[in-house]
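Welcome! Here is a short tour of a protein model for someone meeting it for the first time. Please take a look at the sequence and the structure before reading on.

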Amino acid sequence: MWPSEQDNHHGSSNNRAASSSSSSRTSPSSTTSTLLPRTPKRRTMEEVWRDISLCSLHHQERQLTPMTHHQRHSPATSPSFRATMLQDFLAGPLNRPHAVPPAAADDVTRPPSSTTPLTQLSLSPTSLEIQLMGSDAHANSSSSGHNASFISPAFSGNMRRPPSPIGLFSFCSKEAVSENPSASCDRRHKRMIKNRESAARSRARKQAYMNELELEVAQLLEENSRLRKELEELRSAMAAKHPKRNAVQRSSTAPF
Amino acid sequence: MSRDPLILGHVVGDVLDPFARSVSLGVTYKNRLVINGSEFKPSAVVDKPLVQVGGDDLRIFYTLVMVDPDAPNPSDPTLREYLHWLVTDIPATTNASFGREIVCYECPRPASGIHRVVLVLLRQIGRETVFTPEMRHNFSTRRFAMEHYLVPVAATYYNCQREAGTGGRRFIRDDRC
């Protein structure tokens with residue numbers, strides 16, 4: 001889609017490409033002009049864009065998805081991407097910076113700038129150092145020191161991993177992915193046991209309260225009947241004494 | 001299967017050993033009597049209750065202990081038991097205000113789960129035989145009774161959960177979706 005567009009709209013795309021790029025394009029374009037000889041800078045810019053689209057469209061996809069994962073995408077899909085990233089890293093240092101610098105650069109607004117070192121490397125893998133220097137300069141100019149710090153230790157000749165947050169993250173998640181089946185089983189088991197205990201406690205609570213209420217009721221009924229009986233007895237005792245009082249009697253006679 | 005609520009609610013297992021009830025104990029929060037296993041919200045138990053002690057001889061003194069055996073969470077009671085209140089030297093037939101409050105009343109504020117709050121009445125051998133414990137948490141009523149030669153004569157308990165509690169579930173139906 002990209003190349004066809006550019007082929008169809010030469011002038012407009014040229015202008016667009018030229019306007020959208022900025023001074024940051026100057027260094028990579030100058031280096032690519034040696035590989036793909038075109039007349040003005042705009043043509044080389046086109047070539048750069050085409051190369052980006054052709055060679056690294058799939059790279060872009062891979063880079064963007066970890067970035068979205070950075071922004072907390074669903075963890076279900078991420079481990080697979082991270083696993084693939086790690087495998088790529090372990091495959092060789094050449095592949096590593098492809099995925100790492102754009103993710104570490106942490107600015108989504110500059111995917112083209114981050115992928116230019118990529119295209120540089122893919123185009124001429126033999127002359128890595130020169131292009132690295134170029135990309136380093138470019139990276140510094142585009143004010144993402146992450147790239148420079150990233151690439152330089154990676155290409156210092158050692159196989160050691162750069163201290164990237166992505167690298168560590170993918171490593172950890174790789175381990176997490178591998179132990180997930182057993183860990184989740186344990187977690188489910190623990191949860192089940194906890195739930196059982198909680199259910200047992202709930203039943204015990206209910207039973208205890210029911211029993212308490214039943215005992216209360218029994219107690220109150222008993223007290224009630226006892227009191228009623230007592231009342232009856234008192235009443236009858238009162239009634240037994242009362243008839244004497246009810247009859248009118250002369251207690252004392254007036255003298256007059 | 002015993003029908004005593006104290007046994008069914010595992011108060012006898014977790015806090016006390018089986019004992020014989022010999023003295024009446026009446027705990028009242030804001031004119032509401034505590035019966036075993038009844039539900040009280042933290043707002044209802046903010047202030048100390050009126051504790052009426054039975055018996056008949058004013059020369060016998062009692063100690064009242066209020067503990068939460070389900071602290072901080074009934075499914076993980078690492079702070080069992082949490083001491084909320086300790087009143088000692090309560091003469092028989094009177095109430096707790098006649099005693100010496102050596103650990104001041106702390107309102108139960110369960111963070112999670114449904115907690116049992118147990119009030120135990122223990123008979124002292126004499127007067128001023130009980131001393132203040134060091135900490136409120138990880139209190140043991142059994143050990144305390146043994147150390148101070150106290151004998152349990154009455155106990156009651158109620159359930160307490162946090163103010164916005166939904167009956168023991170952790171989330172309010174959010175995890176059901």
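## Chain B at a glance

Of the 177 residues in chain B, 49% are buried, where buried means under 20% relative accessible area, exposed means over 50%, and partly exposed is in between (1.4 Å probe, protein chains only). Before going further, please keep in mind that this is a predicted model, in which local features need pLDDT of at least 70, side-chain atom pairs count only at pLDDT 80 or more, and totals for chains, interfaces and linings use all residues. Residues are numbered from 1 along each chain as its sequence is written, chains are lettered from A and ligands numbered from 1 in the order in which they are written, and side-chain values use heavy atoms, with hydrogens and water left out.

Chain B has 3 helices and 9 strands; these are DSSP runs numbered from the N terminus, with helices being H or I of at least four residues and strands being E of at least two. Followed along the sequence, the pattern of chain B reads α-α-β-β-β-β-β-β-β-β-α-β. Among the contacts in chain B with a separation of 6 or more, 74% are between residues 24 or more positions apart, a contact being heavy atoms within 4.5 Å.

## A sheet of 3 strands

Chain B holds an open sheet of 3 strands in the order E2-E1-E4, with antiparallel pairing. Two strands pair if DSSP finds at least two bridges between them. Strands E2 (32–33) and E4 (50–53) of chain B are at the edges and have a single partner strand each, so one side of each has no neighbour in the sheet.

Strand E1 (residues 25–29) of chain B runs antiparallel to E2(B), and 2 bridges join them. In one of these strands, E2(B), B:Leu33 is the bridge partner of B:Thr28.

## Backbone features to look for

The loop between E1 and E2 of chain B contains B:Lys30. This residue, B:Lys30, is not a glycine, yet has a positive phi of about 50°. Is B:Lys30 buried or exposed? With a relative accessible area of 57%, B:Lys30 is exposed. B:Asp89, also not a glycine, has a positive phi of about 60°. B:Asp89 belongs to strand E6 of chain B and is buried, at 5% relative accessibility.

Now turn to the loop between strand E5 (61–68) and strand E6 (82–91) of chain B, where B:Pro72 lies. The peptide bond leading from B:Ala71 to B:Pro72 is cis, with omega near -10°. B:Glu81 is found in the loop between E5 and E6 of chain B too, and the bond from B:Arg80 to B:Glu81 is cis, with omega near -15°.

## Where chain A meets chain B

The contact involves 14 residues of chain A and 16 residues of chain B. About 1,300 Å² is buried between chain A and chain B, with 54% of that area coming from carbon and sulfur atoms. Buried area here is the accessible area (1.4 Å probe) that two parts lose on being put together, summed over both. In chain A, the residues losing the most area to chain B are A:Arg201, A:Arg205 and A:Glu212, together 35% of what that side buries.

How many salt bridges are there between chain A and chain B? The count is 0, taking a salt bridge as a side-chain nitrogen of Lys or Arg within 4 Å of a carboxyl oxygen of Asp or Glu. On the side of chain A that touches chain B, 5 residues are nonpolar, 2 polar and 7 charged. Here Ala, Val, Leu, Ile, Met, Phe, Trp, Tyr, Cys and Pro count as nonpolar, Asp, Glu, Lys and Arg as charged, and the others, Gly among them, as polar.
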